[in-house]
Each structure stands twice: as C-alpha cells, then as structure tokens.
Amino acid sequence: MRRFTRGLVTAVVVGAVVAGTAGWAAGSTQEPVTGPPPGTAAWKAAGLPDPERTDPAGIARFFAGLGPAERRALALAHPSVVGNLDGAPPELRYAANARTAAGRFAGARVLAYDPRGRGQAVLVYGDLARARRVAVLVPGSDVDAGRMESLTRKATALREATGGRTAVVAWAGYTTPVGVGPDAAAGELAEAGAGRLVRFAEGLRAAGAADAPSLFCHSYGSVVCGLAAHRLKAKDLVVFGSPGMRAANAAALGTTARVWAAKDPTDWIDRVPNVAVAGYGHGPDPAAPEFGARRVPAADAVGHDGYFAPGTSSLRAFAAIAEGDAR
C-alpha cells in the first residue's frame, strides 16, 4: 500500500509539472555522480592524502607544504585528481584541467572537470584570489558538462552587470535531473548535490577566497541550495524560478545568509504545486510573502530562464546583491 501511495503521489506531482510546462518531455532517471575524483586510486597508491577522508582545509594545508615544482609535478602526474580537489590552489587546478578538459570551455577557467556520467564542470569568470566578492550560480535541470550554455550565459551576464568586480562561478558540479520526471520531483539528486556544494564552498574558503560567496540558485538548483543551507557559509542565498527549498520558511533553512527570492509573472514554475508528500515535491514557494525571503523584483523578466536578461530589474538586483550593495 505504501508503494502504491508513493507511486500515486509521484504520478500526480510529475503530471502537474508536465502540465505546467506545456508538456515538456518527461525525463529519464539519473544516478548521481558522487565520491572522490577519477584517478583517486593511483593518487592514493602514491601515498597522497585521501580525497574522501581529507577535508578542504586539510587539502589546502597539504599543498601549502609543497614547493612550486612539487605542486606542478602532482598536477602533471594526477591532473584529474588535482583538477577536482576542493582546497587545492585554483591556479594549479586551472593548469590540471587545461589538460583534462582539452579546451572544451573557451573563455573561462576550468576549476573542475569530471567526465563521469553526463559530465560535471565548474567554470570561473574573474579572479577568485583578488575579487572582493564571489558569486556562485547553481543550475537546475538539464545542465551538465556538455550543456553549459544557459548557465554560462547567466554567469557572464552577472559578471558584466557587476562591472567585472565580482568573480562569478558557474557551478555545474552535481548530477541534475533531465527533463521533468520523478528526479525533478524528488530530492535524491539535490541531496547528493548539496554535499558537493558544501564541500566546494569550503574549498573556496580554504584556498583563500576573500569572502563568503553569494549563491544564486535556479529552479531545481534552489532545492540543492535549500538542503545545503544549514551547512553553507554564505553571505546571500538567492533563489529564482524555485519549485521550493524543502523548508517550511526562510528561518527553517538554518542559515545566517540573507535569503532572497524572485519569480516573474510568466514563469511556468508558478503552475507547479508547492507540496511535499511521500518524498515528492519541494514544499512552500520561496517567493510567497509568508516564506519570509527578501523579494527580488522580476516583473520584467520573461519565462523560466529570463532572470539574467540584459536590462531586467532582476539582473540589476542580482548584481547589487553580488556586490554587497543591496539591503
């Protein structure tokens, strides 16, 4: 009976989502890519720190104890590990990923590249070490290492809107849902992504980022951010086009970050039911006044993916938040 109920709830929630998106194709089930980077076995066999047992601060201390030649030698011998190792110096990771990513992401520096599954990538626009502020963009469904266009467009738009003063990270660092299906209505991929996001943010801090980042979380990415919120050290948590954050309200997120929400009047996400039953659905709408988030103006944005369009009030507000100028 429990299995029947769970299946029925899934069908209802997913059916409502598909109806709300004008029949967008239902997606296939995804297995999250988790665990240490590819190449870890050879790395550990060489007597190097276990990526699973060493936190980013420990990784940072390890590299701090090496000379420049030793660091370069490790990046040459183990590029797939060094390139994905949170806490390692960013410049060293860029060099390692320049080998493994083989020029796949023109115009950006590659902070992480993992080809397993559909592929994951983390791209940086700006200088993480010198920027006064850092913004991290967390995407929703259908983004992976081979489909970064929507995410990189948002990242470059935000960087330009801040006058190039903020370093912007396009973080496709988790396995996203594909299309609309049980994965998009459930929390398993978001839970796996939340752990990876927390470790990534810890790695930024351990590697010397000047300040805690502001996170901008789109669609299913807002579920990831909601589940990670109580473990993240962030200045701002900004969600837009959100189906819910798996929290009853902003206070229930357990974060000291300022929580912001945006939803434009033409976004189809508004037709998705804000329910949470039998593990499916993501709860209350963060853009509803009773949720308690600060409201980001978005009346002139269009559709589910239009919040970073040039000239929109939402992009101007996002830039002000990223720069620390919004109150």
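**View 1. T40 sits in helix α2, which spans residues 40-45.** Helices here are DSSP runs of H or I with at least four residues, strands are E runs of at least two, and both are numbered from the N terminus. This is a predicted model, in which local features need pLDDT of at least 70, side-chain atom pairs count only at pLDDT 80 or more, and totals for chains, interfaces and linings use all residues. Residues are numbered from 1 along each chain as its sequence is written, and side-chain values use heavy atoms, with hydrogens and water left out. Is T40 buried or exposed? T40 is buried, with a relative accessible area of 8% (buried means under 20%, exposed over 50%, and partly exposed in between, using a 1.4 Å probe and protein chains only). Leaving aside neighbours within four places in sequence, T40 is in contact with P51 and V81 (contact means heavy atoms within 4.5 Å). Look for E52 as well: 12 residues separate T40 and E52 in sequence, and their C-alpha atoms are 9.4 Å apart.

**View 2. Helix α6 (residues 90-100) has buried residues that pack against several elements.** Those buried residues are L92, R93, Y94, A96 and N97. Their packing partners are the helices α3 (56-64), α4 (68-77) and α5 (79-82), together with the strands β1 (109-114) and β2 (120-125). Just after α6, you can find A102 with a positive phi of about 50°.

**View 3. Helices α9 (residues 188-206) and α10 (residues 220-228) pack together at an angle of about 60°.** Their axes are 8 Å apart; axes are lines fitted to C-alpha atoms, for helices over the stretch in contact, and angles run from 0 to 180 degrees between N-to-C directions. The two helices α9 and α10 are therefore oblique to each other (under 35 degrees counts as roughly parallel, over 145 as roughly antiparallel, 65 to 115 as roughly perpendicular, and the rest as oblique). The crossing of α9 and α10 is right-handed, a label used when the near helix is turned clockwise from the far one by less than a right angle, with anticlockwise being left-handed. On the α9 side, the contact residues include L189, A194 and L197, while those of α10 include Y220, V223 and L227. Sorted by class, this contact of α9 with α10 has 11 nonpolar, 1 polar and 2 charged residues (Ala, Val, Leu, Ile, Met, Phe, Trp, Tyr, Cys and Pro count as nonpolar, Asp, Glu, Lys and Arg as charged, and the others, Gly among them, as polar).

**View 4. Helix α9 also crosses α3, at roughly 35°.** The axes of α3 and α9 come within 8 Å, and their crossing is right-handed. From α3, the residues P56, A57 and A60 make the contact, meeting R199, E202, G203 and A206 of α9.

**View 5. An open sheet of 8 strands runs in the order β1-β2-β4-β3-β5-β6-β7-β8.** The pairing is mixed (two strands pair if DSSP finds at least two bridges between them). Which are the edge strands? They are β1 and β8 (294-295), each pairing on one side only. Strands β5 (residues 214-218) and β6 (residues 236-240) run parallel, joined by 5 bridges, and C217 stands opposite V239 in β6. Helix α11 (residues 313-323) lies across β3, β4, β5, β6 and β7 (258-262), at about 150° to β5.

**View 6. D144 lies in the loop between β3 and α7 (149-161).** D144 is buried, with a relative accessible area of 7%. Apart from neighbours within four places in sequence, D144 is in contact with R118 and G119.
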